[in-house]
Amino acid sequence: MEQKQLDTDRGQSKALTQKLYGQRIDNRFIPFLEHKKLFNVKDIRKNSFDDYAGFQLDKRHKGKWKNLTKGLAPSTINADISTLNMIFKWMVENGHLQVENQPVIKRVKDKKNYRDEANPAFLPDDWVKFNDVLYKFDQGHDNEYETWRKRWFINYVRFMYGGGFRPHEARKIKFGDVEINKNRKDGKPVAIIRIDRDTKTGRREAVMNGNTFLNVKYHLNKGIKIRNKQISLMNEKLLGGDKVLDFHNRRHEKELPQVHNPEKDDLVLMNPFLNGKRRMYHDSYIRDWWNLVVGECSFKNRYTLYSLRSTHISNQLLLGISVNKVAKNVGTSMAMIQTTYDRLSSRYSIDDLGFFKDTNVPNKEKDELMT
């Protein structure tokens with residue numbers, strides 16, 4: 001880990017890679033070493049890790065829903081094995097381990113049916129039902145702030161589906177990372193988005209519908225107008241000697257500055273209602289809103305926020321876009337897409353999935369801003 005820290009400081013390794021190494025060592029490697037009673041490098045032999053895959057397949061782990069699940073997924077175990085093989089190679093090269101004792105661990109066969117993954121792509125009928133509920137999520141609120149933040153979630157879902165982003169990637173996208181290109185033959189705008197290098201698969205450029213991005217931007221501008229109106233009213237009360245509380249019932253002592261229009265270093269998914277902190281909504285808020293919408297639909301499948309990425313990829317494949325292009329755009333390997341998404345059931349057809357085609361959803365924020 002000290003070597004990984006040095007590599008990160010030198011720019012030879014990503015901070016995310018260092019973090020993943022630490023997690024694997026603490027959560028999976030050390031328990032195995034304790035199980036095998038391997039407490040020193042000199043205890044390691046060529047066959048010491050032969051049963052690593054079996055140990056992780058049989059071991060009970062605490063899952064994402066805090067219930068005990070049996071065994072790790074083969075893909076996770078294989079990622080561990082790749083890391084272990086790299087560690088052993090480094091130990092030999094640096095004189096910590098004798099080459100004759102270097103374990104070479106074989107990868108485990110992955111026979112899992114990926115159509116039953118924990119983050120499944122939406123089925124066609126379910127996608128229609130989900131969108132019917134989603135686009136009503138902002139209705140029934142007299143408070144413009146409440147309407148704005150519910151509409152923020154609608155735009156968030158459209159943005160994540162439209163770009164096929166991983167959640168941690170979307171949290172890092174800034175306005176300076178986005179270029180609007182209008183060179184398509186049909187004249188429709190395209191958003192070219194630079195994904196930060198400190199993400200799971202490193203730096204890349206992703207292409208998505210420019211109108212989806214612009215809707216997010218228009219909505220943010222409206223949020224800034226609402227927030228600045230709130231700030232003006234609060235500052236007037238402060239000047240009049242009245243007590244003013246923030247969203248957390250803390251008293252304001254000083255006048256608040258107006259929120260400026262988004263600049264290149266501001267997040268595309270920014271929440272302008274956080275005082276002095278140009279950040280987006282916390283994951284817990286987003287998950288709660290997601291669960292409200294999905295819960296209203298009563299699906300048999302357990303769709304997650306990550307299902308938006310899965311649905312994006314499946315949609316692109318069904319539209320006939322090559323696996324190579326899809327893989328590069330979403331930042332994954334062709335092998336992973338072919339294993340996970342490319343074996344689509346015969347019930348999925350282009351005609352059935354016509355609803356995936358982009359439609360021009362009326363942009364209420366843009367209309368209101370221009371009047």
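Which residues are exposed on the other side of α11? To find them in this predicted model, select helix α11, residues 323-330. Its buried residues are V323, V326, A327, N329 and V330. Viewed down the axis of α11, these buried residues fall within an arc of 165°, so they line one face of the helix. K325 and K328 are the exposed residues on the other side of α11.

Next, display what covers the buried residues of α11: the covering elements include α6 (144-163), β5 (204-209), α10 (307-318) and α12 (334-340). Step just past the end of α11 to G331, which takes a positive phi of about 75°.

Then move to the loop between α4 (74-93) and α5 (124-134) and select Q102. Q102 counts as buried because its relative accessible area is 18%, and the cut-off is under 20%. Leaving aside residues up to four places away in sequence, Q102 touches K46, F88, K89, V92 and L97.

Turn now to the aromatic residues, which form 27 pairs. Select F122 and F130: this pair is tilted, at 4.9 Å centre to centre with 35° between the planes. Both F122 and F130 are buried. For another geometry, select Y281 and W289, whose ring centres are 5.1 Å apart and whose planes stand at 75°, so the pair is edge-to-face. Y281 is buried, with a relative accessible area of 4%, and W289 is buried at 5%.

Finish at F137, where K150 lies over the ring face at 4.8 Å from the ring centre.

Note on methods: Residues numbered from 1 in each chain as written. Predicted model: local features only at pLDDT ≥ 70, side-chain atom pairs only at ≥ 80, totals over all residues. Heavy atoms only, no water. Buried < 20%, exposed > 50% of the residue type's maximum accessible area, 1.4 Å probe, protein only. Helix = DSSP H or I, 4+ residues; strand = E, 2+ residues; numbered from the N terminus. Arc of directions from axis to C-beta. Contact = heavy atoms within 4.5 Å. Phe/Tyr/Trp six-rings, centres within 6.5 Å; stacked < 30°, edge-to-face > 60°. Lys NZ or Arg CZ within 6 Å of the ring centre and 35° of its normal.
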